[in-house]
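Let's take a walk through this structure together, one part at a time. Have the sequence and the 3D view ready as you read.

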Amino acid sequence: MFGYSFHWRTVWQEIPQLAEGAIVTLQIAVFSMLIGITLAVLLAVARRNEGSIASRLASVWIEVARNTPCLLQIYLAYFGLGALGINISSYAAVLGAIAFNNAGYLAEILRGGFNSISQTQYAAAHSLGMNSFRVYSYVVLPQVFRVTFRPIMNQSMWALLNTSLGMVIGLKELTGATQFAQSRSFRTFEFFLVAAAMYYVIAKIILGLAALVQWRFLKGGR
Amino acid sequence: MKKLIRNSFALVGAALIASTAPAQADEIDDIIGTGTLRCGVMLDFPPAGFRNSSNEPDGFDVQYCKDMAKALGVEAEVVETPSPERVPALVSKRVDVMIASASNTLERAKTVAFTMPYVVYTNVVITQKDSDIKSFEDLKGRSVGNVVGTTPEQFFLEHFENWDDPNGNYTGFGSDAESYLAVSQGKVEAIIGSSAQAADLIASGNFPNLEIRSEAPFTVDLVSIAVNKNDHSLLRWANLFVWEQQKSGRYAELYKQYFRSDEVPALTIPNTYY
Amino acid sequence: MSAYSGLSWSDLLFLLDGAGKTILLTALATLFGTVLGIALGWLRDSSRLVGWIVAPYVDVTRSVPLIIQFVLFNSFIAIAGYPLNPLWSGTIVLSSYMGVFTSEVVQAGLQAVRPELRRAGRSLGMGYWTEMRYVTAPLALRVVFPSWIGLVIGLTKDSALVGVIGYIELLRASQILINRTNEAILILLGAGLFYFIICYPISRYSQTLERKLKQ
């Protein structure tokens, strides 16, 4: 069955390059989630005002982000903007496109969270003299994040997986670094196996960071 | 009549023995037996491999595959193998040979077996028309692009590391299409590309703002057909085939047709033999 | 002999053919993935041991990008000596991916059915399967269906990645045309519109359905 002999020595020599790619991957996954969550809160809040222009724009953003491939979004962020004379680095394009994508999905997730909070809470908070900003940041959002924690975690896994598309526009993240290394020696299987293991570790790091956030800020509730 | 029956039994018996003892048949026998030569070709690497205006596979490598099949007396089957798929396709015998413009490095030869070189590439510096980059040396301290995982990329990175200029940066794109788009949009100031492709692309009028500036001083990029390391008979046959293509003038003919150049480069390096 | 020529109407057929292949691959992976996902989700819900055994598989499938999974699976079967054409290796990898995510959804759905209801069903004299058929499954389906639709949409878009192993679906077909014509933005917007046309109605349908099921 295995008429193929594995050459691991070649792979060990390239580990530093792969690790550099892994760091870029981790950075983009984490930053795109942070930006994505911030944007998603704005989108979800905008959408609660049904019929307004902000709400319509938010809907378009959400539908486009959710119904077209992420690869396409990355391509358009890089070359689409380029055609309009706006040149950003491939790092910024990948980060921006994945944050755009995350925001669309997260806004949908948060919408469900907002719906789970009863109107009386808003009224109660307002009657205590809080303005809208305070109502959201002290009363509503902590509860929303608590109920939507799991789906948000799932989205951060998607964000990690999507970073692998950055290779196409020349970002040297983990997949790009792997492709670079494997074509030098043609040991495709060995290099991609090591890359898979590295992605697994990165996923665990992200889940660990999230658990930390949950423990520190979202204690209590359920 | 009896003799006929006995003979046919003998024939069936012999056929059965033959089919249960594949160790006897080598790769060439298999190809002739199945009647098809399956070639792994990269179709995103014009003019060696591309899809023509009716989206059929075409190009120097595709024609080379067809010639090879003809010489074996079988049908050619072109299998598209994107860059990370080239070696898996070969190892799994989903293709018999890889005619995919693969540079024959010693590192790669630890994994697959290469024939003698069948074509040679020269690389050029491509910039926008109004760029002040005039020569390869001017690339020092500039932003340069190429395709990730290619031999020109490795050649360029050697120079790049020697220059060690903090202002310079390098981007390796997913394929040629992206690198050309990037330089024409000004995302990088220059790219390194194969001279044949650059000439073809600029002549097509798709990139009116691009120009070939100078040759890249890389060592000669000789590319080879690859077969599985253990397919000794096929390797020997393919070597002879490459030699025959040159002897018959077919190599020069194909080169002129696809690489749009009347100067057909030699497939050897001076003072050496293969 | 030029490798470059402009767009023509026959290219639209080429793109449509790619779109057809996208749909074929998505349909196959949805079918096999859903069957696998239901079985896996039910097993994980009903037996802790099974959950424990399949945990590493679920974990790895969820945290390794599909591009890597495609190349790895394809080179693995290559080394093992069982080459498959890109459609089938794509179907296997995507089905396994879909199966794992479906099983998560199914498991969540089964857990959402209150144990009191399940016990009530059993105490009425229903057997395990009768109870599953008439009580748990219909209730779980309400929770599962909208998320499952979301997964199908995700799968439609993820099928674009099979291009790396040489399957010419919609996005790969677009890339081929871009290589030939260099009309990147136009072609990609067209391809994006295609995906949107396939995915948007499904997602709207699922939203309406979700609202209905909640009432």
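How many residues of chain A are in contact with chain C? The count is 29 residues of chain A against 29 residues of chain C, where two residues are in contact if their C-beta atoms, placed from the backbone, lie within 7 Å. Before going further, please note that this is a predicted model, in which local features need pLDDT of at least 70 and side-chain atom pairs count only at pLDDT 80 or more, while totals for chains, interfaces and linings use all residues. Residues are numbered from 1 along each chain as its sequence is written, and chains are lettered from A and ligands numbered from 1 in the order in which they are written.

Let's stay with the side of chain A that touches chain C. Two or more residues come from each of α2 (53-67), α3 (70-83), α7 (149-162) and α9 (188-217) of chain A; helices (H or I, at least four residues) and strands (E, at least two) are DSSP runs, numbered from the N terminus. The largest share, nine residues, belongs to α9(A). By class, this side of chain A holds 20 nonpolar, seven polar and two charged residues. Here Ala, Val, Leu, Ile, Met, Phe, Trp, Tyr, Cys and Pro count as nonpolar, Asp, Glu, Lys and Arg as charged, and the others, Gly among them, as polar.

Chain A also meets chain B, with 22 residues of chain A in contact with 23 residues of chain B. On this side of chain A, α3 and α8 (174-185) each supply at least two residues, and α8(A) gives the most, with seven. The classes here are eight nonpolar, 11 polar and three charged residues.

Now look inside chain A, at two pairs of helices. α2(A) packs against helix α4 (residues 90-115) of chain A at an angle of about 110°, with the axes 8 Å apart; axes are lines fitted to C-alpha atoms, for helices over the stretch in contact, and angles run from 0 to 180 degrees between N-to-C directions. α2(A) and α4(A) are therefore roughly perpendicular to each other, a term for angles of 65 to 115 degrees, with those under 35 counted as roughly parallel, those over 145 as roughly antiparallel and the rest as oblique. Among the residues that make this contact are Trp61(A) of α2(A) and Phe100(A) of α4(A).

The axes of α3(A) and α4(A) come within 8 Å and cross at roughly 135°, so these two helices are oblique to each other. Residues that meet here include Ile74(A) in α3(A) and, in α4(A), Phe100(A). The contact of α3(A) with α4(A) has nine nonpolar, four polar and no charged residues.

Strands β1 (residues 36-41) and β5 (residues 97-103) of chain B run parallel and are joined by two bridges. In β5(B), Met98(B) is the bridge partner of Gly40(B).

Technical notes: Pairing = 2+ DSSP bridges.
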